[in-house]
Structures are given as C-alpha cells and as structure tokens.
Amino acid sequence: MLSKEIRSHFPILNQEINGYPLVYLDSGATSQKPVQVIEAIKKYYEFENSNVHRGVHTLGNRATESYEGAREKVRKFINARSTQEVIFTRGTTTSLNTVAQSYGRANVKEGDEIVITHMEHHSNIIPWQQLAKETGATLKYIDLEEDGTLSLDQVRSTITDKTKIVSIVYVSNVLGTMNPIKEITQIAHEHGAIMVVDGAQAAPHLKLDVQNLDCDFLAFSGHKMCGPTGIGVLYGKKELLEVMEPIEFGGEMIDFVGLYESTWKELPWKFEGGTPIIAGAIGLAAAIDFLEEIGLDEIEKHEHELAALAMEKMSTIEGLSIYGPVDPSKRAGIVTFNLNDVHPHDVATVLDMNGIAVRAGHHCAQPLMKWLQCTATARASFYLYNTEEDIDRLVAGLRTAKEYFNDVF
Amino acid sequence: MSSNNLDQLYRQVIMDHYKNPRNKGSIEDGALTIDMNNPTCGDRIHLTLQVEDGVVQNAKFDGEGCSISMSSASMMTQAIKGKKVEEALQLSTIFSDMMLGKEYDDSIDLGDIEALNGVSKFPARIKCATLAWKAMEKGVSEEQK
C-alpha cells in the first residue's frame with residue numbers, strides 16, 4: 001500500500017464531517033485535489049494570466065508556454081505520437097460528443113451499426129443514441145457476463161462488417177470492471193470499425209498507452225485524476241482528426257476568416273474554438289506530475305489492494321451484496337453494493353452522519369442498473385489517499401446502518 | 001454514533017409508512033395517472049388519482065425509492081383522500097414550506113406528515129420527500145385545465 005503521508009497533500013481531507021474525521025469514498029465521482037494542483041492554478045492566475053496564442057506581450061507568452069506545456073505533458077502521459085493528437089475539452093462528455101458529432105455524422109449512415117455495452121455511463125450512451133437516430137444507424141449492445149465482465153466471444157459476435165464505431169468504457173464506474181480494450185480494438189479494426197475508449201475511470205488509476213492499445217479515440221476528464229473540473233482530453237489519431245470537421249466555431253480555431261468562407265487552424269487548435277481552458281490545462285498538468293511522481297503502477301496496485309480488502313471485510317456483513325467481478329484483480333478501486341432492504345440513499349445518509357462520503361443512486365448508468373435488476377446502488381470508490389482505516393470506518397458505518405434499520409423494521 | 005441525528009430524520013412514523021405503505025397500488029378506471037422520476041437518484045413514482053366534483057375521492061401510488069420518498073408518498077395519499085382539490089394544493093404548499101425550512105401555516109393539522117419535518121435539515125434528501133407531492137400537483141393541475 002502507498003504511504004499515508006500522501007494524505008497530507010490533500011488539505012480537504014483534514015476536516016470533520018458531522019463530528020467525525022472525513023472518510024472520502026466518492027473519488028469515482030470526482031477526486032480531491034492535492035495542494036500542488038491548487039498552487040499551480042493559483043500561480044497561473046497570480047503571475048501568468050493572459051490569453052494564449054495572440055498576445056505579443058510577456059504574459060501572453062508565459063500563458064501560451066504553460067498551456068502548450070500542459071499539452072505535451074498529456075501527450076507523454078498517454079503516449080500519443082504527437083501533441084497534434086491531444087485536444088483539450090471540457091471533459092469526457094464533451095470529448096465523446098465531439099467524436100459522435102464530427103466523426104460520426106461524417107462516417108455513419110443508414111444501415112450501419114454502432115456498438116457499445118450494457119456497462120456504459122450515460123455519456124457514452126446518449127451521444128450514440130442521438131447519432132443512430134439522426135443517421136438511421138443501429139445501436140447495438142454487447143451483453144455482459146454474469147459477473148459483469150465482457151467476454152471476447154460476445155464482442156466478436158456483436159461486432160460485424162456493418163459496424164462503423166465501437167465505443168467502450170475502459171473501467172466501469174459502477175462495476176469497477178477493467179475491460180480488455182486492446183483485444184476489443186483489434187476485433188473492431190478487423191471489421192473496419194474505429195475504436196473509441198471512455199477512459200474517465202481509467203486515466204486516474206492505470207497507465208494509459210494509446211499506441212499500445214491502438215484505439216482511435218480516447219476520452220477522459222481532469223477532475224477524476226486530481227485535476228480541476230472543467231478540463232478534459234480527447235485523444236484522436238492524427239489521420240482521423242485531420243479530416244474531421246470542428247463542431248465549435250469562433251475565435252482561436254480559425255486560420256483565415258472571410259465574409260462568406262473561413263478556414264481552420266491546424267491540429268489540435270481547430271477543435272478548440274474560443275478562449276481555451278487555460279487554468280484547467282495547467283492544473284491538469286500539475287495533477288499528472290503529482291500522479292507520475294507516485295507512479296501509476298503503484299496507484300493501481302494500491303487500489304487493487306484496497307478493493308480486495310474492502311470486498312473481504314464488507315462480505316462479513318450479512319445481507320450485503322457486492323456487484324461486479326468477484327476477483328478483485330479484475331476490478332479497479334470501485335465497490336458497488338446494496339445492504340438488504342435498506343435503500344442506498346438511506347445507507348448513504350447514515351454513512352454521512354458518520355463522516356463517510358459514498359455515492360448512492362444510479363451512477364449515471366440506468367441501463368446497467370436495469371441489467372443488475374435494481375434501481376439504485378451504493379458505491380464506495382477508492383483513490384491513492386484512502387487507507388485501510390477508511391475501509392474499517394466504512395464497514396463500521398455499514399454495520400450501524402444495518403442495526404439502525406433492523407431496529408426500526 | 002450520532003443516532004440522535006438520525007432519529008431526527010427517520011422518525012418511527014416514517015418507518016411505519018415505509019414498511020406498511022398506505023394506498024399502495026394503482027386505480028384502474030378513469031383515474032388521472034402521473035409518472036414522475038427523480039433523475040438524480042432514480043426514484044420513481046406512479047400516482048393515480050380519482051377526482052370527482054373537485055374532490056380527491058381516491059389516491060394510490062406505486063414506485064421505487066428510499067424510505068423518505070416512499071413514506072412521503074404514503075402520507076401524501078393518506079392526507080389528500082377526501083379533500084377538496086384546493087385543500088390538497090394548500091397542503092402541498094405547506095409541505096413545500098416545511099421542506100424549505102420556512103415558517104408554515106400550522107393552523108391545519110398535518111397528522112403524520114409532521115414527522116417529515118426533520119428532512120429539511122438534510123438538504124440532499126428534500127427532493128426525495130417532495131417527489132410524490134410534485135406528482136400530485138401536476139396531476140391536479142392537469143385536471144383543472
């Protein structure tokens with residue numbers, strides 16, 4: 001496990017909630033921010049703030065250097081070939097919508113297929129539903145195995161020569177399942193389809209390598225990986241991005257503007273209309289530095305250990321069911337569960353009264369809830385700052401919830 | 001453990017309505033039907049109302065949700081049955097004020113509903129409590145059109 005010293009970098013963790021030291025187990029929704037990220041944003045606003053790519057003045061140069069420096073940092077972080085393949089967006093949702101609206105509208109037609117799975121977040125479902133409606137294409141879902149994993153046989157039998165786009169989550173935000181993206185990408189390519197990866201829950205937790213995966217697009221958000229909200233990334237292969245049309249038009253993204261016709265800047269800027277998210281990108285770069293100093297492999301290991309421990313300890317509570325892969329090595333640090341007849345909102349309220357933050361609800365994955373045959377679940381998600389003590393507090397809190405509601409019933 | 005705080009939210013009468021919901025089910029014929037979701041958490045209510053001559057003759061609900069949303073639905077149906085539409089809407093206003101922590105009209109006996117008073121101190125749960133009432137308001141206002 002990682003050193004508990006890591007917690008000292010996160011000022012927010014050092015507080016009491018409802019009279020108890022905070023145990024934050026909702027990093028799957030958004031992670032906390034280390035002081036390094038907060039300071040980087042502060043430094044930008046205090047010493048560099050200016051618009052990028054236009055000013056001749058010194059501040060303009062500083063801001064541009066920091067912003068483009070952040071892009072290079074992201075390139076290395078995901079092992080892209082070039083910074084031309086790294087587009088800054090508002091987050092995973094915007095990244096996925098950009099692919100659907102730009103690549104999708106240009107390349108998908110009636111009779112084609114778009115393939116996703118039952119474990120997708122709404123942000124990797126609705127853009128494709130809309131695209132399918134607009135174009136007359138068919139949206140197909142790959143069935144899940146009973147333990148909430150994907151089998152390559154199911155993948156093979158769903159993807160056909162009519163499939164144009166396959167879009168799949170790398171790590172499920174509900175089940176914690178880690179999907180075999182490299183193998184699925186290969187199958188998609190054999191049928192001439194492109195592979196889109198929703199990396200929102202993967203980027204914070206494991207080493208990403210787009211060249212090794214060979215995926216065509218990868219989307220992720222800064223705020224789940226210790227960075228600020230409002231910044232995300234769309235990685236795309238250069239040869240695809242080059243022929244794609246922008247979906248946002250305005251300042252910053254143009255080469256030349258005439259009265260009736262305009263031309264676009266080169267990659268990646270043609271996809272970044274308007275003043276970009278400068279402070280966000282700088283914050284994200286600081287988050288990458290922070291994570292890389294600890295080591296993504298170490299972080300992944302830490303989370304596997306926490307997930308294994310949580311599953312073991314939570315299983316001792318009678319009536320508690322855990323969803324998703326039984327084998328902790330097949331899941332990231334996400335444990336989704338239900339406690340008997342106690343509704344997850346009620347569980348979450350009892351935990352909150354004990355200073356413990358978990359998510360309760362449908363986790364923006366209503367089709368998956370349907371597949372799990374429940375309307376809502378509770379979710380504990382772990383990150384690098386969580387400890388074994390946090391899990392003990394969670395288990396104690398769950399026992400309290402169980403006793404409390406047993407008493408009432 | 002702060003079970004006192006919890007007791008403020010989960011009063012005995014709430015748990016009783018949750019465990020033994022009143023008016024659970026659906027009115028079949030000639031009833032107003034309202035379906036409402038709470039999109040942030042997945043709670044769902046299916047409310048049917050029988051309104052005749054400006055009076056709520058019958059009210060039933062079905063749905064899925066937490067103890068607060070389901071007990072509130074149970075209490076709401078209990079409270080509005082036999083009431084004039086205006087009285088039902090007046091109760092709804094009082095309930096809404098109660099949830100927002102505002103001063104509310106205490107000249108009307110609220111019965112079991114009073115027990116939901118503590119919800120106002122749990123901002124994340126207010127929407128759970130108001131779902132059924134919103135559904136009722138929607139149904140009644142459609143009827144009045």
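UniProt, in an unreviewed entry, lists residues 10-128 of chain B as "domain: NIF system FeS cluster assembly NifU N-terminal"; UniProt positions follow the numbering used here, feature names are shortened, and annotations may be inferred rather than shown by experiment. In this span the end C-alpha atoms lie 13 Å apart, with 34% helix and 23% strand. Helices (H or I, at least four residues) and strands (E, at least two) are DSSP runs, numbered from the N terminus.

Some ground rules. The model is predicted, so to speak plainly: local features need pLDDT of at least 70 and side-chain atom pairs count only at pLDDT 80 or more, while totals for chains, interfaces and linings use all residues. Residues are numbered from 1 along each chain as its sequence is written, chains are lettered from A in the order in which they are written, and side-chain values use heavy atoms, without hydrogens and water.

Now the pockets. The largest pocket holds about 540 Å³ of space. A pocket is an open set of points on a 1 Å grid over the protein atoms alone, where a 1.4 Å probe fits, with protein on both sides within 12 Å along at least five of seven lines; lining residues have an atom within 4 Å of a point. Grid points are joined across faces, edges and corners, and the volume is the space filled by probe spheres set on the points. Of the 22 lining residues, H345(A), A348(A), T349(A), A124(B) and R125(B) lie nearest the centre of the largest pocket. Two or more lining residues come from each of α11 (344-353), β15 (356-357) and β16 (359-361) of chain A, and from α5 (126-144) of chain B. α11(A) gives the most, five residues.

Next, the sheet. In chain A, four strands form an open antiparallel sheet in the order β13-β14-β17-β16. Strands pair if DSSP finds at least two bridges between them. β13 (320-323) and β16 of chain A stand at the edges with a single partner strand each, so one side of each is left without a neighbour in the sheet. β16(A) is joined to β17 (residues 377-381) of chain A by three bridges, and G361(A) has T377(A) as its bridge partner. α11(A) packs on this sheet, touching β14, β16 and β17 of chain A, at about 160° to the direction of β16(A). Contact means heavy atoms within 4.5 Å; axes are lines fitted to C-alpha atoms, for helices over the stretch in contact, and angles run from 0 to 180 degrees between N-to-C directions.
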